[in-house]
Amino acid sequence: MGLEDLQHNFLTGTVEELVKWARRNSVWPATFGLACCALEMMATGAAHYDLSRFGMEIFRASPRQADLMIVAGRVSQKMAPVLRQVYDQMVEPKWVISMGVCASSGGMFNNYAIVQGVDQVVPVDVYSPGCPPGPETLMHSILTLHEMIKSGEITRRRAETGRGAELHLDAPGPKVAVGTPH
């Protein structure tokens with residue numbers, strides 16, 4: 001019985017699995033809030049939801065220190081080149097979460113000034129639904145992204161197509177309005 005017959009455990013794992021584990025557990029998001037969804041993104045980063053459990057305790061102000069862009073809110077035509085510049089300055093591998101219906105499809109703003117989907121500017125890996133999506137929905141999107149990083153699906157798909165994973169999530173249950181008793 002050789003080493004190839006042993007099941008992988010913490011002593012006998014591949015370097016590739018170790019790299020996927022490290023990437024999954026140390027995703028650093030860039031600060032990029034554009035509209036009302038940014039308030040929900042800030043709430044997710046606060047102490048009540050504790051993103052530090054997932055290795056994401058600090059939103060980075062510099063794109064060179066971040067590998068996750070959470071596009072929170074509507075993207076105007078003027079902001080699109082800036083968003084692309086920030087994305088291009090991020091380190092590889094990098095991922096994008098489109099937070100909210102405005103970022104994903106333009107939302108109710110069907111006019112010339114708003115980009116009708118951030119996927120026209122950057123490749124999106126996970127679409128987070130809602131108007132605005134709550135912290136629970138964003139955390140679900142982050143955990144979905146973590147599983148995709150762990151499986152290696154994102155890096156394979158991006159290498160093959162040059163696009164993101166384009167995963168659409170279902171909204172988790174009714175959203176409780178802010179300021180109302182739970």
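Biologist: Among contacts in the protein chain with a separation of 6 or more, what share comes from residues 24 or more positions apart?

Modeller: This is a predicted model, in which local features need pLDDT of at least 70 and side-chain atom pairs count only at pLDDT 80 or more, while totals for chains, interfaces and linings use all residues. Residues are numbered from 1 along each chain as its sequence is written, and side-chain values use heavy atoms, with hydrogens and water left out. A contact means heavy atoms within 4.5 Å. Of the contacts in the protein chain with a separation of 6 or more, the share from residues 24 or more positions apart is 76%.

Biologist: In what order do the elements of the protein chain run from the N terminus?

Modeller: Helices (H or I, at least four residues) and strands (E, at least two) are DSSP runs, numbered from the N terminus. The protein chain has 6 helices and 5 strands, and from the N terminus on their order is α-β-α-β-α-β-α-β-α-α-β.

Biologist: Is Ser98 buried or exposed?

Modeller: Ser98 belongs to strand S3, which covers residues 95–99, and, leaving aside residues up to four places away in sequence, Ser98 touches several others, including Val71, Val118 and Tyr127. Buried means under 20% relative accessible area, exposed over 50%, and partly exposed in between, with a 1.4 Å probe and protein chains only. Because its relative accessibility is 0%, Ser98 counts as buried.

Biologist: How are H1 and H5 oriented to each other?

Modeller: Two packed helices are described by the angle between their axes and the distance between the axes. Here the axes (lines fitted to C-alpha atoms, for helices over the stretch in contact, with angles from 0 to 180 degrees between N-to-C directions) of helix H1 (residues 15–24) and helix H5 (residues 135–151) come within 8 Å and cross at roughly 165 degrees. Angles under 35 degrees count as roughly parallel, over 145 as roughly antiparallel, 65 to 115 as roughly perpendicular, and the rest as oblique. H1 and H5 are therefore roughly antiparallel.
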